[in-house]
Amino acid sequence: MSQMEERKVEKPNAKERSKHEEEQLPPMALNHVSRLCRNVEESVDFYTKVLGFVKIERPPAFDFDGAWLFNYGIGIHLVQSEDEERLPANTDHLDPMDNHISFQCEDMEAIERKLKDLNLKYIKRSVDDDENKTTIDQLFFNDPDGFMIEMCNCENIKLVPVGPLGSIKLPVDRHTPPVDLNQNGKDANK
């Protein structure tokens with residue numbers, strides 16, 4: 001059997017396509033990541049100074065201590081923990097194979113300089129993809145509560161669907177919440 005024959009995928013018939021289309025969810029995107037904190041203000045300081053997030057207004061209906069941050073089309077919701085046991089016991093543990101959130105970064109050297117300037121412990125590694133002749137650079141470090149964060153240039157990876165390409169939905173502009181750039185009637189960017 002030739003390589004062309006091995007890669008041949010049978011197309012679903014009209015009935016199968018209709019059923020598949022009915023089961024599909026509407027377009028979605030990551031809205032926010034929620035993190036428990038030992039100290040909300042320390043975490044706000046970390047996420048704003050290290051990662052460039054901006055503190056935004058939080059609806060007053062939330063009657064517990066916390067903060068909302070936003071940038072890069074992603075929100076981070078910080079919640080004051082009432083139970084120390086729900087937080088990582090070891091705030092110094094770094095293992096790329098452990099739970100983490102990852103942020104796409106266009107300038108890995110700038111992030112590494114910032115981590116060094118702030119004297120933050122991190123792991124740096126590169127993953128070579130010889131087949132596609134690309135390298136993925138990664139930096140792993142922890143927030144003040146021991147939750148691991150990865151910075152990477154994963155845009156170097158070509159995503160190749162294992163199943164039907166029709167299942168992949170790429171949001172255009174709907175995933176970013178509206179941002180009010182006016183503060184007291186003045187443009188915040190000026």
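Tutor: A helix here is a DSSP run of H or I with at least four residues, and helices are numbered from the N terminus. The model is predicted.

Student: Which residue with a positive phi follows α4?
Tutor: Helix α4 covers residues 108-117. The residue in question follows α4 and has a positive phi, near 55°. That residue is N119.

Student: How many helices and strands does the chain have?
Tutor: Read along the sequence, the pattern is α-α-β-α-β-β-β-β-α-β-β-β-β-β. In total, the chain has four helices and 10 strands.

Student: What share of the residues in the chain counts as buried?
Tutor: A residue is buried when its relative accessible area is under 20%. The chain has 190 residues, and the share that counts as buried is 29%.

Student: Which residues of α4 are buried, and why do they line one face of the helix?
Tutor: Seen down the axis of α4, the buried residues fall within an arc of 100°, so they line one face of the helix. The face turned away from this buried side carries the exposed residues E109 and D117. The buried residues of α4 are M108, I111, E112 and L115.

Student: Which strands do the buried residues of α4 pack against?
Tutor: Packing here rests on contact, meaning heavy atoms within 4.5 Å. The strands that the buried residues of α4 pack against are β6 (123-129), β7 (134-142) and β8 (148-152).

Student: Is E112 buried or exposed?
Tutor: E112 lies in helix α4. The cut-off for buried is under 20% relative accessible area. E112 has a relative accessible area of 13%, so E112 is buried.

Student: Which residue makes a side-chain polar contact with the side chain of E112?
Tutor: Not counting residues up to four places away in sequence, E112 touches Y122, K124 and L139. The polar contact joins two side chains at 2.7 Å, and the partner of E112 is Y122.

Student: How far from the sulfur of C105 is the nearest cysteine sulfur?
Tutor: C105 counts as buried because its relative accessibility is 7%. C105 is in no disulfide; the nearest cysteine sulfur is that of C152, at 8.4 Å.

Student: Which element gives the most residues to the largest nonpolar core?
Tutor: The largest nonpolar core has 24 residues, and those with the most contacts inside it are Y47, L51, F103, F141, I149 and M151. Elements giving two or more residues to this core include β1 (32-37), β5 (101-104), α4, β7 and β8. With four residues, the element that gives the most is α3.

Student: What part of the accessible surface belongs to carbon and sulfur atoms?
Tutor: The accessible surface of the chain comes to about 14,400 Å². The part that belongs to carbon and sulfur atoms is 51%.

Definitions and conventions
Residues are numbered from 1 along each chain as its sequence is written. This is a predicted model: local features need pLDDT of at least 70, side-chain atom pairs count only at pLDDT 80 or more; totals for chains, interfaces and linings use all residues. Side-chain values use heavy atoms; hydrogens and water are left out. Buried means under 20% relative accessible area, exposed over 50%, partly exposed in between (1.4 Å probe, protein chains only). The arc is that of the directions from the helix axis to the C-beta atoms. A disulfide is a pair of cysteine sulfur atoms within 2.5 Å. A polar contact is a pair of N or O atoms within 3.5 Å; within protein, one must be able to donate a hydrogen and the other to accept it, and residues adjacent in sequence count only if both atoms are side-chain atoms. Accessible areas come from the Shrake-Rupley method with a 1.4 Å probe; for residues, only the protein chains shown count as cover. A nonpolar core is a set of buried Ala, Val, Leu, Ile, Met, Phe, Trp, Tyr and Cys residues joined through side-chain atoms within 4.5 Å.
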